[in-house]
Amino acid sequence: MSNGHAWVLGATGQIGRAAVRALTADGWEVTAASRGGVRDERWDAGVRAVALDRDEEGALEKALGDGCDVLVDMVAFDGAHARQLTGLAGRIGSAVVISSGAVYEDERGRSFDTQAEPDGFPRYPVPLPESQATVAPGDATYGTRKVLLERELLAAGEALPVTLLRAGAVHGPYCRGPRELYFVKRLLDGRRRRVLVYGGETRFHPLHVSNAAELIRLAAGKPDSRVLNAADPEAPTVAEIASAIDAVLGRETETVLIDGPAPEGHVGETPWSGAHPVVYDMTAAGEQLGYRPVTGYVESLPETVEWLAGELAGRDWREAFPKMLRSYGESLFDYAAEDAWLAAFDRGHR
């Protein structure tokens with residue numbers, strides 16, 4: 001028996017692929033929309049894949065036809081996208097929309113947007129609840145646009161019940177910005193030493209795509225207007241992540257720990273690195289949705305590492321993951337700078 005019709009926007013992204021599978025397994029009839037209209041080979045044969053550019057005037061309205069019981073939106077980023085959805089409220093029963101933990105600010109107004117500034121790393125409570133203050137809505141940054149998205153969607157009230165999921169550091173196959181690349185590539189390149197800033201103790205709460213899909217599945221079945229954190233059951237340190245990836249690839253790596261920030265340039269900085277922990281409180285998701293994670297970080301790593309290694313095979317990392325290049329630059333794998341610093345470190349410790 002069908003739960004109804006679910007529409008998934010951004011269906012071929014890392015979360016979208018998993019969400020389509022989870023909704024189908026739960027009895028939903030699923031339409032999977034993406035720019036290319038591509039099908040994932042692991043989707044059920046009954047999934048309807050359609051090509052759609054949601055930013056093309058009138059395209060989503062036309063494609064929706066008679067509407068859907070739930071619309072799951074992986075690629076909503078600003079107020080315009082919020083207004084697009086609320087404008088279709090009469091044809092959408094409810095919505096589940098991916099937001100971000102980047103919306104939060106600490107008591108001094110620091111957020112992910114201020115990390116590049118002196119003393120700009122936010123210091124959040126641990127764990128970080130949904131009641132924490134957010135940055136002001138606006139069009140200036142990713143975080144401010146997500147807050148604007150949230151507020152405009154929640155303002156729709158009963159006309160469009162919407163669950164907003166504030167995602168942690170997303171990981172898993174098909175991720176365009178896989179943080180695990182930092183360690184996987186180093187090991188595949190034969191690196192046997194690494195440097196970690198902040199003593200390797202940084203924690204940036206991850207979210208595996210299958211846990212995101214489970215939250216989406218649960219929210220689709222319990223429509224309401226709410227904001228929930230979305231994260232894995234644990235938040236490992238950077239050093240723990242590094243060791244777990246070593247174990248998956250069967251390698252041993254010497255780790256040099258730096259107590260504070262990068263000693264020179266970007267040496268020792270990773271895509272997770274920060275001065276203070278970011279650990280999301282998942283109590284509300286458990287209470288309101290009955291959320292129970294379907295996997296943990298370490299358990300999920302073998303599939304992710306295998307996928308990453310396959311994507312890197314015979315390809316330059318910049319070609320395979322251009323988003324990582326845009327986000328972190330060439331310094332992500334500046335081995336020359338790292339080796340030079342390690343040589344000086346060794347001389348100073350003889």
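Reply: We'll go through the sheet, a helix, a cavity and a pocket. This is a predicted model, where local features need pLDDT of at least 70 and side-chain atom pairs count only at pLDDT 80 or more, while totals for chains, interfaces and linings use all residues. Residues are numbered from 1 along each chain as its sequence is written, and side-chain values use heavy atoms, with hydrogens and water left out.

Me: In what order do the strands of the open sheet run?

Reply: Strands of a sheet pair through backbone hydrogen bonds, either parallel or antiparallel. Here, strands (E, at least two residues) and helices (H or I, at least four) are DSSP runs, numbered from the N terminus. Two strands pair if DSSP finds at least two bridges between them. The open sheet has 7 strands in the order E3-E2-E1-E4-E5-E6-E10, with parallel pairing. At the edges sit E3 (48-51) and E10 (226-230), each pairing on one side only. From one strand to the next, the twist averages 20°.

Me: How many bridges join E6 to E10?

Reply: There are 5 bridges between E6 (residues 162-167) and E10, and the two run parallel. Look for Leu165, which stands opposite Leu228 in E10.

Me: Which strands does helix H6 lie across?

Reply: Axes are lines fitted to C-alpha atoms, for helices over the stretch in contact (heavy atoms within 4.5 Å). Angles run from 0 to 180 degrees between N-to-C directions. H6 (residues 209-221) lies across E2 (28-34), E4 (68-73), E5 (92-100), E6 and E10, at about 150° to E5.

Me: What lines the largest cavity?

Reply: On a 1 Å grid over the protein atoms alone, a cavity is a set of points where a 1.4 Å probe fits but cannot get out; a pocket is an open set with protein on both sides within 12 Å along at least five of seven lines. Lining residues have an atom within 4 Å of a point. Grid points are joined across faces, edges and corners, and a volume is the space filled by probe spheres set on the points. The structure holds 1 cavity of 30 Å³ or more, with about 40 Å³ of space. Its lining is Phe183, Arg186, Leu187, Arg191, Arg193, Arg194 and Thr253. Helix H5 gives the largest share, 3 residues.

Me: Which helices supply at least two residues each to the second largest pocket's lining?

Reply: They are H2 (59-64) and H3 (79-86), and H2 gives the largest share, 3 residues. That pocket has a volume of about 180 Å³.
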